[in-house]
Amino acid sequence: MAIDPAVSLRIINNERVRIAGAWGEYRDLGGALALTSDAPAEALNCIEGFTTTEAKVDSLLDLGFSLLRAFDRAPAVRLTELDRPKSLPAALERRRLRPTDHTTAMVFRGDVAALRMNPEVAVRRAGHDDARTFANIVSPSGWAKPFMLPAVMVQMLDAGHFFYIAYVDGEAAGTAHLLIDEAAAGIYAVATKRDFRRRGVCSTLMATAVREAQSQGCDVIGLRTATGGDAHRLFASLGFEDAHTSVVWTET
């Protein structure tokens, strides 16, 4: 996978705008960023964005892990191909951290006109009255459930956020969230209820989001998905290509 650092950085920055707006708080450690959140997820409580030197890695990790422990969070680090220095994985292994979660950022390189849209799927932009429906489709259970609705409600106040709900026969069937920040767009919270899968709900939502982003002048449209999973293959079939990988390292 060829990495375009400029494109990857814009995808990452879009993700940080989304997280900082409702999910967590970033702190500049002087060579890395510390992300903390009330959510019990390592990806939202970690050290990331390393721009340091090999000589400063250990002191920076000490500082970041101390901060995480102050928030009752275990040491965790998220790395991408953009992080420096390249010796970071070895430093984490010395501290008994291991890779536990792999995701892939993807960027749209396809033809939006080729995206299949099912005329039986009606996509509407969601408002505050639809926030609970949106949240329940994205997170019907699990750790994210109590956090999703407040995050959606906050982000709906920002003009850069577009929340979509797809309906089939009048029933809410799927969701997508588009965040436009300057000329970069990120697509999040793509979900389809089990009973409505393989009916063009996802492709119709994705076509709607991509067209909106392009109409507003976005030249980078990204998303993130679990590496190698069904969603990864689906997004690839819709014209998204791998941009970079992200690995969360945690204590084992």
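## Second largest pocket

Let's start with α5, which gives the lining of the second largest pocket its largest share, 3 residues. Helices (H or I, at least four residues) and strands (E, at least two) are DSSP runs, numbered from the N terminus. Both β1 (25-28) and α5 (145-155) supply at least two residues of this lining.

The lining has 14 residues, with W23, G24, S37, D38 and A39 lying nearest the pocket's centre. By class, 7 are nonpolar, 3 polar and 4 charged. The volume of this pocket is about 180 Å³. A pocket here is an open set of points on a 1 Å grid where a 1.4 Å probe fits, with protein on both sides within 12 Å along at least five of seven lines; lining residues have an atom within 4 Å of a point.

## About the model

This is a predicted model, with local features needing pLDDT of at least 70 and side-chain atom pairs pLDDT 80 or more, while totals for chains, interfaces and linings use all residues. Residues are numbered from 1 along each chain as its sequence is written, and side-chain values use heavy atoms, leaving out hydrogens and water.

## Nonpolar cores

Now to the largest nonpolar core, which has 30 residues. Such a core joins buried (under 20% relative accessible area, 1.4 Å probe, protein chains only) Ala, Val, Leu, Ile, Met, Phe, Trp, Tyr and Cys residues through side-chain atoms within 4.5 Å. Among those with the most contacts inside this core are L178, I187 and F235. Elements supplying at least two residues each include β5 (97-108), β8 (171-181) and α6 (201-215); α6 gives the largest share, 8 residues.

F235 touches M106, V190, C202, M206, L223, T225 and F240, leaving aside residues up to four places away in sequence; contact means heavy atoms within 4.5 Å.

Terms used: Buried means under 20% relative accessible area, exposed over 50%, partly exposed in between (1.4 Å probe, protein chains only). Grid points are joined across faces, edges and corners, and a volume is the space filled by probe spheres set on the points. Ala, Val, Leu, Ile, Met, Phe, Trp, Tyr, Cys and Pro count as nonpolar, Asp, Glu, Lys and Arg as charged, and the others, Gly among them, as polar.
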